[in-house]
Amino acid sequence: MPLHTTGKASFDDIYDRPDPRDYYARMSDLDYRIPELAKPVFQQQIREYRASARVDTPTVLDIGCSYGVNAALLRLDATMPELAEHYGTAKGDRSALVAADRALLGASDTLSDVRFLGMDASAPALAYARETGLLHDTVHADLESGEPTDEQRAILASADIVISTGCVGYVTEKTLARVATAHPRRRPWMAHFVLRMFDFMPIAAELAALGYRTERAPGLFEQRRFASAAEQTQVLNTLSANGIDTTDRETEGWLYAGLYLSRPLPKPHADTEDQH
């Protein structure tokens, strides 16, 4: 399996498929579990934001959303194995699968009072998530290389909470700063699961300059098994070079991530809308 320039295995071939069947099959083979481990964290963020900002229908933006994985887990109250089984046994062509997912969501949406947005570099993945209704709106953009369009900025500006479960490393402080400043005054909350091989401090520093306070949550979270010995060797070398102890963690065959929570500090003398 080829390695991405970040040192991780490259899965580019499964993100450009017209539907997520191959994606879930490959991720299942690697025991990909970080979205499921992140699920209760995101549920808690939604509850806290709703209570703090007194917003009945908060908007969640998932960066690196692919086929709307986090939205599916949250809205269908599903597990990764359940989604893998659902798509592994699905029959018919893409249109049939879209119709089946729309029907499933219509009957089982446990978060109908939350609006979900997705941003990704894969147009086919975004199209599928949008057509099924898992995502209410999408942004197909590379904010590492440039500013969002006016239309994209308007979508990003509506986000109350920004989440991710693996995009950091592919994206940097450039993308997150552009997302954070999409609205001219209001800053969204953020919750990012970040592999230990990537340094979140440059992002935290950029967010601090925008008025955020970032906290590292306790504990580590399994992301997935290494896709190859070459990937494990590369990641172990990177972690070692950064002075990170991998004993009983990455040495045992798993990628691990930390959780970073960033929230804007209240502005003195600001009105209620601008504070949240």
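Helices (H or I, at least four residues) and strands (E, at least two) are DSSP runs, numbered from the N terminus. This is a predicted model, in which local features need pLDDT of at least 70 and side-chain atom pairs count only at pLDDT 80 or more, while totals for chains, interfaces and linings use all residues. Residues are numbered from 1 along each chain as its sequence is written, and side-chain values use heavy atoms, with hydrogens and water left out.

The chain contains 12 helices and eight strands. Along the principal axes, the C-alpha atoms fill a box of roughly 55 × 50 × 30 Å.

Of the 276 residues, 50% are buried. Buried means under 20% relative accessible area, exposed over 50%, and partly exposed in between (1.4 Å probe, protein chains only). The accessible surface is about 12,300 Å², and carbon and sulfur atoms hold 49% of that surface; the areas come from the Shrake-Rupley method with a 1.4 Å probe, and for residues only the protein chains shown count as cover.

A contact means heavy atoms within 4.5 Å. Among contacts with a separation of 6 or more, 78% are between residues 24 or more positions apart.

Helix α8 (residues 150-157) has the buried residues Q152, I155, L156 and A157. Their cover includes the strands β1 (59-63), β2 (115-120) and β3 (137-140), together with helix α9 (173-180).

Strand β1 also holds T59. T59 counts as buried because its relative accessible area is 5%. Leaving out residues up to four places away in sequence, T59 touches R115, L117, S158, A159, D160 and I161.

R196 lies in the loop between β5 (189-195) and α10 (201-209). With a relative accessible area of 16%, R196 is buried. Its side chain makes a polar contact of 2.7 Å with the side chain of E250. Residues up to four places away in sequence aside, R196 touches L220, L239, I244, D245, T246, R249, E250, Y256 and A257.

R225 belongs to strand β7 (residues 221-225). Is R225 buried, exposed or partly exposed? R225 counts as partly exposed because its relative accessibility is 35%. A polar contact of 2.7 Å links the side chain of R225 to that of D31. Apart from neighbours within four places in sequence, R225 is in contact with L30, D31, G253 and W254. The C-alpha atoms of R225 and D77 are 24 Å apart, and 148 residues separate the two along the chain.

Helix α5 (residues 80-88) contains E85. E85 counts as exposed because its relative accessibility is 54%.

Methods. A polar contact is a pair of N or O atoms within 3.5 Å; within protein, one must be able to donate a hydrogen and the other to accept it, and residues adjacent in sequence count only if both atoms are side-chain atoms.
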